[in-house]
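Welcome! Let's learn to read a structure together, one question at a time.

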Amino acid sequence: MGGASSGLSDCCTSRSDRSLCGLNDSFLGEDAFYRDAFYDCNEGNTSHDGLFAKAREQVSLKMRKASVAGSYAAFTVRTRSGVGDALQACMKPEPSGNDGQPQSAELRTPKAHAKTLPSVQSYPEAPRWLNSTMDEWTSPELPPTGQGPYWAKGHGDGFRVRSGPDYRKRGQKTESSGSMYQAISCDAIRGSEKLTDIIMGHCHGKLPPAPKFPESDKGGGPQPEWTTDCPLPRVICINLMLPYTAGIVPMRKDAGCSFVGFFHITAETVKAALSAEPPPAVRLFKEFWQGPAGAPGGPADSPDRSLFARVNPKQKKDQQRGLFKCIAHCLNPQDVKVPEMFHTYNGKPCLITKCGYIVKDPNLEWMEIGIDVRGFNILARKMLTSFRQLLPRTKIHYGFLIQGVDDEDMPEGILCDMFVHGCNMMEDPVLVDDDQPCSLAGVGSTSSQLVS
């Protein structure tokens, strides 16, 4: 108990500052039984307030999470041939590795014959992996289940987002419509260590080129292009970091893998951002863009680098405007055999705070946001490692947005979105350690060195 108490104490101490969470050393995982962590994974509203009154808060949340854990355990037993088989599987020694040590399923690393880097770069002077590890799916129909990996452009529809009037009391939502940034690439990569700072550390400061804008439907003229006069970045990079283990064993290294998406501002967003009265979603993102952020090449423990720097600790997260959220909506849940109750979380927003980092180009051309699943609660991490063999059968629509609360923020708008089909997180990520960097004039020089 002494070690566990110490781990929980350290975790609670780290919550009081604005440091970015890393690998959890606590047996239960960071914020395993805290209300705000529950809302990080399941957005709440005012109807939940009574659950968290003083002493009842911890008890209520523990009971709810125990119910989820119980359902997960029962499902695991049912999927085996019998209870005896399940218990035997729990006690059965795992196959030994070359060093003679047991090697559990969640600790197995990607095979040595996994994908390798292509010999030709997709973009001049860019790293070889960029826009080359996953093919783009361009058909309007979804690919056959089990085929991939593919990524596809999203159009900002298909999500449930907050809407007015008076969302604080009514809690109503509406269908999303349109996105501010368009997906231009998605890649699955991994390294000998956890991959962060993708643009400066692994793209060598090189950005994908601007896509060709279509002719305007209004007047037939060309659409406006991004310039430094635009108050929003040209490119957004989303780095989704997935662990290979549940992180239960303290201090065990887990490089995991990253799914990296690049998004380019649309002509409509450029026009809206330059207008005197931009739409609510554009205005919210403009304020978010102007908030605290880490600098390229800056210290990893900088308080401004963590998305938690934007949180007001005196206010419930679901009632704070300007926080970063992501949504994962599985389009084919009938093909994925998971406990039925977990389907209720499909397409629900997830607040990203302690487990997110943000880096901003000093020349204001790009922004990178990282989401480290290692910081999610233990149940979420265990679910990922237990059911990752089902990921190649999934077709998932990912969306990212800035949280709105008041009527002036409504309706919420999708910042950027992307479809990802048939990904195998063990076999598809390409090792990028041997991808040699290109020449770079200096940090923050990407604005004047666009890749053409």
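Q: How many residues does the protein have, and what percentage of them count as buried?

A: Happy to start there. Keep in mind that this is a predicted model. The protein has 452 residues, and 48% of them count as buried. Its accessible surface is about 21300 Å², with 54% belonging to carbon and sulfur atoms.

Q: How many helices and strands does the protein have?

A: There are nine helices and 14 strands.

Q: Which residues in α8 are buried?

A: First, the general idea: an α-helix has 3.6 residues a turn, so residues three or four places apart point the same way. Now to this case. In α8, the buried residues are A281, V282, L284, F285, F288 and W289. They lie on the same side of α8, because they cover an arc of only 160° around the axis.

Q: Where is the place of R310?

A: Look in the loop between α8 (280–289) and β8 (324–330).

Q: What is the nearest side chain of opposite charge to R310, and how far away is it?

A: That side chain is D304, 8.3 Å away. A salt bridge needs a side-chain nitrogen within 4 Å of a carboxyl oxygen. R310 has no salt bridge, yet R310 is buried.

Technical notes:
Residues numbered from 1 in each chain as written. Predicted model: local features only at pLDDT ≥ 70, side-chain atom pairs only at ≥ 80, totals over all residues. Heavy atoms only, no water. Helix = DSSP H or I, 4+ residues; strand = E, 2+ residues; numbered from the N terminus. Buried < 20%, exposed > 50% of the residue type's maximum accessible area, 1.4 Å probe, protein only. Lys, Arg positive; Asp, Glu negative; His and termini not counted. Areas by Shrake-Rupley, 256 points an atom, 1.4 Å probe, with all protein chains shown as cover. Arc of directions from axis to C-beta.
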